[in-house]
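Load the model in your viewer and keep the selection panel open. The stops below go from chains to domains to a pair of helices.

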There are 2 protein chains.
Amino acid sequence: MNARRVLSGAGLDAAVRPTPSAISRFAPIGARDIRVTGGFWGERLRTNRERTIPYGLEQLRLAGNLANLKLAAGAHGRYRALGESAGTIFPFLDTDVYKWLEAVGWELGRAPDRVLNDAADDVIALVERAQRDDGYLNSYVQVVAPGREYDDLAWGHELYSFGHLIQAAIAWQRAVGDDRLLRVATRAADAVDRELGPGGRDGIDGHPEVEMALVELYRATGERRYLELAARMIDLRGHGLLGIGRYGSAYWQDHAPVREARTVTGHAVRQLYLDCGAVDVATELGDGQLLEAVVRRWHDMMETRTYLTGGLGSRHRDEAFGDPYELPPDQAYAETCASIASVMLAWRLLLATGDPAHADAIERTAFNGVLPGLSLEGTDFFYVNALQRRTERVDEDERSGTRKPWFACACCPPNVMRFLSSWQQYLATTDAGGVQLHQFFTGELTAERASGSIRISTATGYPWDGAVTVTILETPVEPWTLSLRVPAWSGSATLRNGTTEAVTMLPRARMIEETRRWQAGDALTLELDTAVRAIDPGRYVDAVRGCVALERGPLVYCIETADLPAGTVLEDVELDPSGATAAVARRDLSPTAIGVTAAGLIRSETGDHREIELNAIPYFTWANRTVEAMRVWIPRPADES
Amino acid sequence: MNARRVLSGAGLDAAVRPTPSAISRFAPIGARDIRVTGGFWGERLRTNRERTIPYGLEQLRLAGNLANLKLAAGAHGRYRALGESAGTIFPFLDTDVYKWLEAVGWELGRAPDRVLNDAADDVIALVERAQRDDGYLNSYVQVVAPGREYDDLAWGHELYSFGHLIQAAIAWQRAVGDDRLLRVATRAADAVDRELGPGGRDGIDGHPEVEMALVELYRATGERRYLELAARMIDLRGHGLLGIGRYGSAYWQDHAPVREARTVTGHAVRQLYLDCGAVDVATELGDGQLLEAVVRRWHDMMETRTYLTGGLGSRHRDEAFGDPYELPPDQAYAETCASIASVMLAWRLLLATGDPAHADAIERTAFNGVLPGLSLEGTDFFYVNALQRRTERVDEDERSGTRKPWFACACCPPNVMRFLSSWQQYLATTDAGGVQLHQFFTGELTAERASGSIRISTATGYPWDGAVTVTILETPVEPWTLSLRVPAWSGSATLRNGTTEAVTMLPRARMIEETRRWQAGDALTLELDTAVRAIDPGRYVDAVRGCVALERGPLVYCIETADLPAGTVLEDVELDPSGATAAVARRDLSPTAIGVTAAGLIRSETGDHREIELNAIPYFTWANRTVEAMRVWIPRPADES
């Protein structure tokens, strides 16, 4: 059971690699063919690797996730599945282990690490031992509710759990070339297929996830049954199989067929994971109608239900999308997992359609939706990412207020780990014409072509600085196109040393393309406009009417009490968007961080005001000092009418 | 068991009658000594009596509440306690029966009714049969969980249930002079006292309610043990006895001692019922410190956590108060029960302190917080009272969107019934100096004095008209003072035929006092200022910044799609608060209803606008026609800066 078969280099690849026959505008770059070597993301990835992932393993030990799997493998003891309150049972605790394994798989692909490797070997061996001979694997059911396999598809998270197992297996196969987990995952998928495949009963999981994983398993194994099982689950959804549950059938997207639903609804992570699976199925089956349904929902979601930070989900009660434009900053749910799922979906849509709007969304969400979920130190987490925290407030629950070292429902922390470990895969793509740089980082990438390798390096002070230099290290002889995304937030963009020094003034993202017969040593610099921007929320977002937010580059900014004059209550602060703004170094946050200053007012009880210079910090850095009040959306001075 | 002992007239009285030694600025008027005979409230009370209460009995039959009590009384069958979703158990279904009985008790005091009387007799007999010999009475525990009495005080609602039983008993004793339920309630209270009284263990209910009921039982029976039991429960709260449960200890106000907590927190109805009990205990024990704690919380609540409508509770997840000034209109919870509880609390504070601010709050909350909970027809109910409903919205859950015929958790409907049946008791008080009219209605009241009866009639077109005429029908010879509340909303007030033609311009409520040697036939008319008011939300209520609301008299207004030009989307409407306003008859809503017009704009996609006359209706009448979009807070035209 414990033998490792290391595949040949041919097995190494990226996650989400569409097969040759799939609908696909761009192709991903293999996990080992692109590297982040420094800069902003280098630092974030190092923190994840050196601090967060080892810390995560410790937490999985302390919280009982590993002990639970040992019980499933035959040990004796008490199963630990209690939620944060008496009476709540969490049957999905295995998935935190799988997400941690997925993170380690991608990490080991980025660079070897003996300690991490040995730790993961133990966990993989444990997962292997916990799996039943028939392929079934779920520690909760095996230990607490034996005989009740697939009994509670609505809430039991069994298929969701298999999905994360499969994704971990894919990471190990593609990044490390190790197929131990893939064999476990394949047996598990076969077990599901027997129960719920074409020959079995109709059943879908209350929490989508397995669909996209099954498509990946198809891609990794070539076994078409898995694709068909995923497609079957997409098709079965939306016909009321799950019942209305606690929150109505829209909560788990079972109210309307996936190819018909016009808007995102219900639990945000469920909707987003579902749509990831729908895109994967659609692209592999050439199902343009299904793909189009997801694209339509995505644009509607971006327009009507997305926070400035990229965060998704405005209702705490059911972790759900609300009405269009229902985007309260204080009661934002904006779960860290939802932002991660949003990046996963946008990436799939970018590969399928090539629309740079998806890459723009990835950037906004990664910086402002995912990163706030992790402290700068790397060992505290936000589950909920509010855009406002008041000076006076009610007692905080576990999921909000300040970052916490872990959660009873700890879906977010290991999700952040796997996100950062796979982040490099979201940065660039290739197609027959060349290479596309969607995100800006300091690093290197290689794209193999029949006529030779394209190898380029990139260097940037991004997101603090708007200049990105791309240097050609190796190139085939024939011409190819280097495409660089110009984000919608950049009012203008200049390409130095390009054929055209392009200047754009567009309200949406576009690609600048430079086609040449390249020479090694050629270098281009894209210069984006990092002027501070005062953002108007638009007239339909009721909850932040009369407010303005600050952005610079890809970052959303916020103000925190710690940066106000002593004794100032944050709720008395207003921002005059017509005043001067500036970028300032904020070495107190990090050696390279840039803050923003703007014209502020402090309004007194009587309505008088005094002018101050308002110091805003990147939203993702909030709550890393003394945690008091914070707000992203700042009231403008009210007119006196 | 079934014999009825009708007490002498001396037993007839009001609810919440402090004993002679209590802290008490004003005394209530006996339930039978004040009558609403016509006008606005006459119509609302008639609907409640003739439609809502009979309908309620039918619903209690259909929903199984009565059948459950029959099971407790020995019948065979399946207990019905399922909540709106599988897995949720409602152990408090008896209370809906008790609240219905309380309503009928007050109604029969207002006027006899054979059919209602016979129906209630059957229900009372059923309650008597269901009670165990040892006094315990809870159909859920008796049928589903025998032997687990007082086992789950946090969530079991057993004492809460006893509280509603006692309140029903009080109504029957004080309004009808019938003590059958009082005997049941006394036995139940004795059972609780044995278990949790000074000789028993420390225990409090997760849902306060029994505290105020026990004080009433003390007042009705003279048995001081009940007051001491109530005081014990108030004192035990706030020390963590209930644990942190699902939502933290503040959810059930167990985070801080009742006499120390500075703000309302957690589940709104729990907090308000608790504070009712605290006031009752404080006044009876002469505990000024405890009373002061409640007064302080009340003022803070009014200032920072009360909707314009008087509604309370801004979080759906835990039906809870949020942060100060966290008052989202769309996701307002503002449970109908919380508004009722708020009136009950304000009434107790008014009796104790005499501060007309409490009477102002009663008026605002009754018209705009409670009445919307019931359809004009009287047979559909809101549980949640949002101040905004969007044109496009997600699927509605049971508790919001449109009024529903009943609920799985049906606390609100019978609460509205008992509220309306006892409404007359909230209108006026007496003291040694005379009579105080706190609310305006068409009717009659009698206050007995040593030297003879004061009997007055009142007539008004209120709330549509601001004139209230008071006529002296009978008076003792010696002088006494008639006091009339001038609401804070009235910019000025004139007392015609008074000694002084008072004019006030105050931002808070006050009393106009007229002291005379009165003659039968004397008549005074108070004229309030019913000019339409454009209300600014103040700068701290983030969710409605840049908006304005319309009020006229005691009523909050709203706009509904049905009153917009065809094809207009409500979200495109703005209100220019500097434009002209007017009052207009709205016979489509009711024969006497008054609507409001204001200067509106319809903003197009491109930012152009056209001017319209905006027609607003009283908020309590919304969702009685085609239910589309609605909003109370309307955006002002944004400045163009």
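What follows is a list of selections, with what is found at each.

This is a predicted model, in which local features need pLDDT of at least 70 and side-chain atom pairs count only at pLDDT 80 or more, while totals for chains, interfaces and linings use all residues. Residues are numbered from 1 along each chain as its sequence is written, and chains are lettered from A and ligands numbered from 1 in the order in which they are written.

**Chains.** Select chains A and B. Here 38 residues of chain B are in contact with 38 residues of chain A (C-beta atoms, placed from the backbone, within 7 Å). The chain B side has eleven nonpolar, eleven polar and 16 charged residues (nonpolar: Ala, Val, Leu, Ile, Met, Phe, Trp, Tyr, Cys and Pro; charged: Asp, Glu, Lys and Arg; polar: the others, Gly among them).

**Domains of chain A.** Colour domain 1 (9-426), domain 2 (429-528) and domain 3 (534-635) of chain A, bounds that come from an automatic or database domain assignment.

**Helices of chain B.** Select α12 (336-353) and α14 (412-422) of chain B: their axes, lines fitted to C-alpha atoms over the stretch in contact, are 9 Å apart at an angle of about 30°. α12(B) is therefore roughly parallel to α14(B) (under 35 degrees). Show B:Thr336, B:Cys337 and B:Ile340 of α12(B) against B:Cys412, B:Asn415, B:Val416 and B:Phe419 of α14(B), which make the contact.

Notes:
Contact = placed C-beta atoms within 7 Å. Axes fitted to C-alpha atoms, helices over the stretch in contact; angles between N-to-C directions. Helix = DSSP H or I, 4+ residues; strand = E, 2+ residues; numbered from the N terminus. Parallel < 35°, antiparallel > 145°, perpendicular 65-115°, else oblique.
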